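Work through the following exercises with the model in view, and compare each solution with what you find there.

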Amino acid sequence: TAAIYAARKGIKTGLVADEFGGQVKETLSIENIPGFKYTEGPDFMDQMQAQVTALDVDIMTGVLADGIHTTDKQVEVNLNNGAKLFAKTVILATGARWRLIGIPGETEFRNKGVAYCTHCDGPLYKGKNVAVIGSSGIEAAIDLAGLAKHVTVLEFLPELKADDALLKKLKTLSNVTVITNAQTTGLYGDGKVEKLAYTDRISGKAEEIPISGCFIQVGLVPNTEWLKDSGIELSDRGEILTAGDGSTNVERIFAAGDASDTLFKQIVIAAGSGATAALG
């Protein structure tokens, strides 16, 4: 969105991304973008890419920025392939990635039963028992219910935190079980995930669930580690601190989306902050 707004203002614009579309491409069903009763992440981002391309934005994919600094006249961005980009202004919209929960088996079984993206990996578990960890995973559980034999949602808190519309939908699904006050303690199996262990936080009793897959949905981590020596101010959670116009504390560097300190992490809000940064 930042690229669209910049290009439409007649500014020569380039866009650097490992992959065009980012985390939105990992979202299966989207029902809360104004003007779209229903769309899917990959389709939505394909339309966005066509729009950006039509505006003659220089799209550079397959590379990542790994350093940034300013001089009196310009901003210099270092890429991980050794190239350098020079611009009068830079907008940082590096997004976020799935947060890890740090339990045994989480990294060992990644792509061997542990997954984060229902759109990418959900079809692999058709007809199987799966678990979803975290309130952020209510949409994931709903998506998986149409594929899996049974879905178990484990929530650390006493109740689920999600939109009412999602909770109402969840209650209509006969193959979904919700367990609250559950502290997941590990994922176990022989070469692949076969069971999930958790502790009931009220009784202290240890429990196990046989599963073939586990989708971990406990929030996001902003992709900002590469900015630690940049002089750009970050929050204690690693989010880029911005003013109302998207500007950072470093002149000519702006930020937008889930990498910034926007209060809510939603597609429409991220897009709006991209427009704000470009206009700013």
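**Exercise 1.** Determine whether Y125 and F215 are buried or exposed, and how their rings are arranged.

Solution. Both Y125 and F215 are buried, where buried means under 20% relative accessible area, exposed over 50% and partly exposed in between, with a 1.4 Å probe and protein chains only. The model is predicted, with local features requiring pLDDT of at least 70 and side-chain atom pairs pLDDT 80 or more, while totals for chains, interfaces and linings use all residues. Residues are numbered from 1 along each chain as its sequence is written, and side-chain values use heavy atoms, leaving out hydrogens and water.

Next, take the rings, which pair if their centres lie within 6.5 Å, planes under 30 degrees apart being stacked, over 60 edge-to-face and the rest tilted. The ring centres of Y125 and F215 are 5.6 Å apart with planes at 80°, so the pair is edge-to-face. Finally, Y125 lies in the loop between α3 (118–121) and β9 (129–133) and F215 in strand β15 (residues 213–216), so that the pair links parts of the chain 90 residues apart.

**Exercise 2.** Place L144 in the fold and find which residues it is in contact with, leaving aside neighbours within four places in sequence.

Solution. L144 belongs to helix α4 (residues 138–145), helices being DSSP runs of H or I with at least four residues and strands runs of E with at least two, numbered from the N terminus. Its relative accessibility is 1%, and L144 therefore counts as buried. With contact taken as heavy atoms within 4.5 Å, the partners of L144 beyond those neighbours are T118, G122, V130, V132, V151 and F215.

How values were computed. Phe/Tyr/Trp six-rings, centres within 6.5 Å; stacked < 30°, edge-to-face > 60°.
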